[in-house]
Amino acid sequence: YPSGTVVTLKATPASGWKLASWSTGETTSTITVKMDSNKTIKATFVKEAATLYTLTVNIEGNGAVNPNGGKFEKGTVVTLTATPAEGWNFTKWSTGGTSRTTKVTMDGDKTITAFFTEKQKYQLTVNITGQGTVSLDPPGGMYYAGTQVTLTASPAEGWEFTKWNTGATSPTITVTMTGDKAMGAVFTEIPATKCKLTVIISGQGSVSLDPPGGTYDAGTQVTLTASPSANWEFEKWS
């Protein structure tokens, strides 16, 4: 520059940086230099300290949010995911959003609340007609809405499963709990088949029966004992 020229220097820091000072000791972004000799000017830039904001996460009901809060640099976009506990549903965020995932831009301290509500529970009642049992899977009597319960009917000895009160005839059925429900299992007795036992004696003696009688249900075991009369002996059965 010609002697006497006044030169204006303007320092422009990059993003995330700031001017610390000029070698002249000045700290303003713009300075002037009078060219009365050869000059060397140095601008020193330093990195700005990150601005941190606090994200506070509150929970109403039973569930979790990931991440559950913390400190984040200015401008960070934080993705929050709500996970309900078993038997609970995610309802909404305090921002009004109803998706389980929401985004928060950290342009200041933020507080957000996740709301969870408990699922409705319904009662399953089982009534039995006749003799038998009904098992439930999963076991219990109170179930959350939408739970699928498998019922299995097992007849007692001498009985057979007939039907459910719904009309189904399979001993195993599945019920979806959309409300309180009453299920009925009907068992009917299997008719016994009667059989007659006839005893014929050749010679002199007697035969006792245990159990006594002459007509028995099919499958009954009867013990026969032969007792010879005086001067007679038992020889054999037919």
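Reader: How many salt bridges does the count come to here?

Author: Keep in mind that this is a predicted model. To call a salt bridge, look for a side-chain nitrogen of Lys or Arg within 4 Å of a carboxyl oxygen of Asp or Glu. By that rule the count comes to 3 salt bridges.

Reader: OK, take lysine 39. Which side chain does lysine 39 meet in a salt bridge?

Author: That would be aspartate 36, with 3.1 Å from N to O. Lysine 39 is partly exposed, at 37% relative accessibility. Aspartate 36 comes out at 51%, so it counts as exposed, since the exposed label needs a value over 50%.

Reader: And what does aspartate 107 pair with?

Author: Its salt-bridge partner is lysine 110, and the N to O distance is 3.0 Å. Is each side chain buried or exposed? Aspartate 107 is exposed, with a relative accessible area of 52%, while lysine 110 is partly exposed at 27%.

Reader: Now for lysine 194. Where does its salt bridge lead?

Author: To aspartate 217, at 2.6 Å from N to O. This pair links distant parts of the chain, 23 residues apart. Lysine 194 sits in strand β19 (residues 194-196), and aspartate 217 in strand β21 (residues 215-217).

Reader: Lysine 194 first, then: buried or exposed?

Author: Exposed, with a relative accessible area of 57%. Aspartate 217, at 33%, is partly exposed, because that label covers values between the buried limit of 20% and the exposed limit of 50%.

Conventions
Residues are numbered from 1 along each chain as its sequence is written. This is a predicted model: local features need pLDDT of at least 70, side-chain atom pairs count only at pLDDT 80 or more; totals for chains, interfaces and linings use all residues. Side-chain values use heavy atoms; hydrogens and water are left out. Buried means under 20% relative accessible area, exposed over 50%, partly exposed in between (1.4 Å probe, protein chains only). Helices (H or I, at least four residues) and strands (E, at least two) are DSSP runs, numbered from the N terminus.
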